[in-house]
Amino acid sequence: MDRETVGSVNRGRLQVEVRTEGRSEIVKPVGELDHHTADLLRVPLEEAIESGRVRLVIDCSQLEFCDSTGLNVLLGARLKAEAGGGGVHLAGMLPVVARVFEITGADAVFTVHDSVEAALVR
C-alpha cells in the first residue's frame, strides 16, 4: 500500500465540526488527531483566524487521541489567534488527551475549561 492510500484511509479517523457562536468559533474534532489527520483540523482553524474569528474554542469532548503533530496544530493556532488579539480555549478534554497536554506542559499555555459552555462564558 502506498503512502497516499494510507493517508486517505486514516483521514476517516477524524471529523471536524465548525460553528460560530457569538464571538467564538467552536471547532469540534471527533476521533484521532495525528500526523495523518492534522490538516483536517489545521485548515478550519487557519480559515477562522484569517476571517478574523480569533477566539477559538476547541471542543475536545470527543477527541480520543492527540499526538505531537496534533498538539503542534493547536499550538500554532494559539500563536496566530493571540497575534490577532484572541486565543485558543480547550474544553471538555478526555483524560487520555489531557494527559498528553500535562506530560508536555502544554496545559500551562492553553486556557482549559471543563465544558464548551464554561469556555463561552469567559
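**Overall fold and the setting of Ala 98**

Along the sequence, the chain runs through the pattern α-β-β-α-β-β-α-β-α-β-α. This amounts to five helices and six strands. The model is a predicted one, and the values given here are computed from it.

The overall dimensions were examined next. Along the principal axes, the C-alpha atoms occupy a box of roughly 45 × 30 × 20 Å.

Burial and contacts were then considered. Of the 122 residues, 41% are classed as buried. The chain has an accessible surface of about 6,500 Å², and carbon and sulfur atoms account for 50% of this area. Where contacts link residues at least 6 apart in sequence, 68% of them are between residues at least 24 apart.

With regard to charge, the chain carries 13 positive and 19 negative charges. The mean position of the positive charges and that of the negative charges are separated by 4 Å.

One residue was looked at individually. Ala 98 is part of helix H4, which spans residues 95-104. The relative accessible area of Ala 98 is 26%, so this residue counts as partly exposed, the cut-offs being under 20% for buried and over 50% for exposed.

Conventions. Residues are numbered from 1 along each chain as its sequence is written. This is a predicted model: local features need pLDDT of at least 70, side-chain atom pairs count only at pLDDT 80 or more; totals for chains, interfaces and linings use all residues. Side-chain values use heavy atoms; hydrogens and water are left out. Helices (H or I, at least four residues) and strands (E, at least two) are DSSP runs, numbered from the N terminus. Buried means under 20% relative accessible area, exposed over 50%, partly exposed in between (1.4 Å probe, protein chains only). Contact means heavy atoms within 4.5 Å. Accessible areas come from the Shrake-Rupley method with a 1.4 Å probe; for residues, only the protein chains shown count as cover. Lys and Arg count as positive and Asp and Glu as negative; His and the chain ends are not counted. The place of a charge is taken as NZ of Lys, CZ of Arg, CG of Asp or CD of Glu.
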